[in-house]
Amino acid sequence: MTSSSRTRAAIPSFLLTFLFATGGALAQDAPDVGGDELPEARPPAPPAAAPGTAEPVVVPPELTKFVEAEYPPEAFAKGEGADVLLRLTISDTGAVDEAIVVESGGEAFDTAATNAAMLFEFTPAVIDGQPTPVQIQYRYRFEVKQESTRVEVPVDEARPTGDLGGVALEKGTRAPLVGVVVRLADGTEAITDAQGVFRFEKLPAGPVVVTIDDPTWYALEDDEEVVAGKLTEVKYYLERKSGDGASITVVGRRVQKEVARRTLTMEEIRKIPGTQGDALKVIQNLPGVARIPFGGGALIIRGSNPGDSAAVINRHFVPLVFHFGGLRSVFPSELLEDIDFYPGNFGAEFGRYTGGIVDARIRRPREDRLHGRFEADVFDAGVLLEGPLHEGATFAIAGRRSYIDAILPFVLPDDAPIDFTVAPRYYDYQALYDYKKGDHRLRLYFLGSDDKLEFLLEQPANGDPSIRGTLENETYFNRLYLAWNAAFTDDVDHEFSLAAGQNQLYFAAADQIFFLVDGWIVTLRDDLEVRLSERIKLRTGLDVEAFFGSLNIKAPVPPKEGQQSPPLAEREVLQIKEDFFFLNPSPWVELELKLGDLFLVPGFRADYDKVLDDWAFDPRLSGRYDLVKDEEGKGTTVLKAGAGLYSQRPTPDESDDVFGNPDIGLEHSLHVSAGFEQRLTSAIDLDVVGFYKYLYDSVGPSADPGERVNNGTLGRIYGMEVLLRHNLRERFFGWISYTLMRSERKDDGEDDYRLFTLDQTHILTMLGQYKLTSQWEIGLRWRYVTGNPQTPRQGAVYAVDSDVYVPYFGSSNSERVDAFHQLDLRVDRRWVYEAWILTAYLEIQNVYNRANPEGITYNFDSTQSAPLTGLPIIPSFGLRGEF
Amino acid sequence: MKATLALALAAAGLVGCDSRDLQSRSEILEYRVLAIRADIPEPSPDDTATLTVVEHDPADVDPEAETGSPFYVWEICPFSLGSLAQYDCLDPLQATGAGPDGSAPTPEQQQAAGRVIATLAELGVSPQEAAGLFAPDIRQTAEGTITIDLETVGGVGIRGLYALCQAIASDGVCRSFEGQVVLLEEGWNLYVKLYSGREGVVRNDTVKVLKVRDFDGRNRANPAFATLEAFDASGAAVTGGVPEQKLTLKLTMVGGSAETYPAIQYDDNGQPVRDADGALVTEEETEELLYSWYATGGNIDRSRTVTDDLFDQRENEFTLPEEPGPVRLYVIARDGRGGFAVRSLDLQVSEP
């Protein structure tokens, strides 16, 4: 017995792994925790599933913040101890929502244990790839004289003794292994605490064999020498077995209320072939998203124009999603918690877009210890450092820079007719601060991006001699983001967030075209969530967007979708220089009604545009009905439907009096969708949605020669989306995504609908990733997509003064190129060292080197044509180191 | 932005398309219009301009080449819809349903046409008279030359057309169909379309923008070539060579081909800058010469070169054809203000 002080209560019974490995012997029926988001409990699941079975993959919560309970003074004075068995409900953010005493240790101990446990923090449990609320059992042991990790061995007074102690960590991540049993050859055991620490005291001096044999970890056996009168300190690194995880009690998932919200986890995102682990590129593999020629980064969602959909970070608009239009996301994927993708019928909290929404959410930096990551591939390299800062606070800093500009001189042919003054380069940076105290959370982020390119064309462009000389392009933005969350009561949550920063877009082509937009943007959201009753929740908020700045443009009027444009040399160039101020306040309100098996979300949003002086009032309704439920009361067959109006402002050039028409108003669309979700097995889900979208008051070319554009364009888009998804398992995940769609437009003055420029009838994506061993993983992606529509050329007229041929165009989008299909492959190899992990990957795009037609190219006078083919087979590789 | 990067990489030869089998613009295989030269290149509204086709006829090089009767149909538009509408002439009556193609107009077209016709009516011009006013002047000729009296174009002359444009505009500022302010001092674009070729063999569609400019009238000459020669690897001037031999082409221009001229200055909103007296502010600028290179065989290295502030590219590389026989080279020089010069060079490819 070495300790007589009031010691930190060890947690031998915080045995998540142990509990589940023993079949959940200590688990009990979970109580009804109430509330819509945590509607039901289910008995503890069996131990981790074996490969090939249909059990969900679970990643248990890990305790990241332990709080010592206040030892009841009277009991302490009397040297009394007790065990309190608690059932903790851990939210999908890792916070302890509830602590219920299952086995009492006495009132004073119960109170102390409950109070302490409510302040614990965990990493959220992940089930099927999604952070999920769970319940675990936790035994809080109060002892006065003995640390529970210290095991005394019967002492033979005649023999000298020594101590053996140490820490057990996960190999690679150095995460402490909690609740792991450490055994000696004579059967003596010690159990690691929250820091992975264990200790044997008064062991006979001499050799001992230490073993750790746990279902989650590869077994360890080690010979140690106990030295008389001394403490022998050891450190053990254990490697996690492939895909192993503990079973945990699932008590609820984040409420699914939209007709089609698809969530991707970072674990899935990292390994999808053809995306370089880029989170936002992965969206392009989901149903409803068209393929972009040459791997571009635009989002064509359910047949809408790229500008009709938005990517937001933490629900705030960012002007740029990808570096150079598609090479890489401007925000590092590893700092994202997950991404919600709404192809349509999104709730009232989102607006200003008539297409779809991609909502990327930044995660809280890790707080257990300092972590770092370095990543490099053929385009760029990035670093990330994150960890705890002070009590309740965490931080992360990250940055990335491309080195295309360093590589290009070596691969550029000597006779290339181009001279880079600034070769393509980009960088982005992020700094995050996240502070939690009680029911309050404060987040402060700073992030930005800069892309620049400048080159000299040493001879006039072949198709247009006016394009020559210096071309410059720089895109820059930064944001300071502030958010404050507060749970005023158990039923009232509030979030205020503000983002402010600068956007700058500059482009110049010699002295022919000049484009500079230099502006500031402030976006503000104030959201309130009130649980009115067990069945009704009110959500409401104010979403404000303000832009101000100046623009200086010298350019021809940009063509509208479906319009063809003569060469630059034959266009008249217009010029403006002016200040601008846009203000768009948007209040919204939404109810969540749980009526038995029916879940209804009526909502309403109003959008005002100050420049246009135009209001939009958009009612929305979506609903889900659990047609068939499993024994746990969860819907296995769910019917869902939604309808709503959506509005957005035209682009600034469209409402400009020089480049557009200042008399136009907001654009509108009607979204209608219906479908079902079917859980085929616990691993496989089927999601089918039919949709119809009607675009009206869209801005397009006017039939009146006296005005450039008006609100006279109509659109209709209809189709079906199918997603058959095998959720993340220990060895496999993947999905088959299929979209059948038709997207059409009818411009002002036209009698008939025509095809949308990126209308793709069939979009099929099949992808899968398989973990061969704990070191090797392989992923495949195969895509088949109908060829894009094309507007044929029927000869040309030669404009002799500018020396260009101006094509005669046929009917807009009246032809198609051949279908696209391509196979991509990715192989990952992982090396786990004691303190860090190294991963290398090889990615091969277009494995069978198909010459995919991306368009049609013509000869100088448009009398001959040939397919414009896409990228050939491209291997690339990358490295990632992390600790 | 991605287009910029794609353009940069395409220019650098890192990405591209499979267009190797397509005819390049510098490769002349049949009849082709190379230019329409105007004398005077930038006339005033009181001038008469002569337009001459610069063309290649295969029969000039190969007497056995298939050919037909030459034809030239000229169409002079008093008001043109410009490049966005393939240079069609404005015809307000067409929008009323009385146009030559008889197509049913949309309400918006009727509205637009109605505004023009109403304005003309206020000016005392009946719809029938307006039809004559806007009707294109169509001329068929046997030779590739026409003359245009700019004082009588559209019946009212360039000055009359400009005044009409100002009258039709609601704010009295004449604008092009893309919205740019039109100043007679800067130039009124008279669009001349030419349909030419050889009967039954080939037709070229060409458009010439004759910029009629009411300014000080100085320096309005066409550029002129002094020499165009070919040199072999030793630097000797040659008139031919063996198949696939590489030659260097060098041209020189007559002094003063790149003229200086007063360029009207515009502010950041595209409005012309005027001094305190209301006079247009100008700056002296020098013409940039753009050279377009063509050959009836072989391979021209660069289809266009320039002489401007950044480059002086009066040389080019040429690879003779694989087969023996005659080959003709053309170089067209443009000064960017309507001025043209043409020079040809005949070379002979001999058996090695």
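Visitor: What makes A:Val628 and A:Glu677 contacts of A:Thr636?

Guide: The cut-off is heavy atoms within 4.5 Å. In this predicted model, A:Thr636 touches A:Val628, A:Lys629, A:Asp630, A:Glu677, A:Gln678 and A:Arg679, leaving aside residues up to four places away in sequence. A:Thr636 itself belongs to strand β37 of chain A, residues 635-648.

Visitor: Why is A:Thr636 called buried?

Guide: Buried means under 20% relative accessible area. A:Thr636 has 15% relative accessibility, so A:Thr636 counts as buried.

Visitor: How do you know that B:Cys77 and B:Cys89 form a disulfide?

Guide: Two cysteine sulfur atoms within 2.5 Å count as a disulfide. For B:Cys77 and B:Cys89, the S to S value is 1.6 Å. The pair therefore qualifies under the cut-off of 2.5 Å.

Visitor: Why is the link of B:Cys77 and B:Cys89 called left-handed?

Guide: The angle about the S-S bond is -75°, and the link is left-handed.

Visitor: Which parts does this pair tie together?

Guide: B:Cys77 sits in strand β3 of chain B, residues 70-77. B:Cys89 sits in the loop between β3 and α3 (92-98) of chain B. The pair therefore ties together parts 12 residues apart in sequence.

Visitor: Are B:Cys77 and B:Cys89 buried or exposed?

Guide: The limit for buried is under 20%. B:Cys77 has a relative accessible area of 1%, so B:Cys77 is buried. B:Cys89 has 14% relative accessibility and counts as buried too.

Visitor: What makes B:Cys165 and B:Cys174 a disulfide?

Guide: Again the sulfur atoms must lie within 2.5 Å. Here S to S is 1.8 Å, and a disulfide joins B:Cys165 to B:Cys174. With 90° about the S-S bond, this link is right-handed. B:Cys165 is buried at 10% relative accessible area, and B:Cys174 is buried at 2%.

Visitor: How many disulfides does the structure hold over all chains?

Guide: Two. With the bonded cysteines of chain B numbered in sequence order, the pairing reads 1-2, 3-4.

Visitor: Why are β10 and β16 of chain B called edge strands?

Guide: The open sheet in chain B has five strands, ordered β10-β19-β18-β14-β16, with mixed pairing. β10 (240-241) and β16 (304-307) each pair on one side only, and they are the edge strands.

Visitor: How do you know that β18 and β19 of chain B pair?

Guide: At least two bridges are needed. Strand β18 (residues 325-334) and strand β19 (residues 340-349) of chain B have 10 bridges, in the antiparallel sense. They therefore count as paired. B:Gly325, for one, has B:Val349 in β19(B) as bridge partner.

Methods:
Residues numbered from 1 in each chain as written. Chains lettered and ligands numbered in written order. Predicted model: local features only at pLDDT ≥ 70, side-chain atom pairs only at ≥ 80, totals over all residues. Heavy atoms only, no water. Helix = DSSP H or I, 4+ residues; strand = E, 2+ residues; numbered from the N terminus. Buried < 20%, exposed > 50% of the residue type's maximum accessible area, 1.4 Å probe, protein only.
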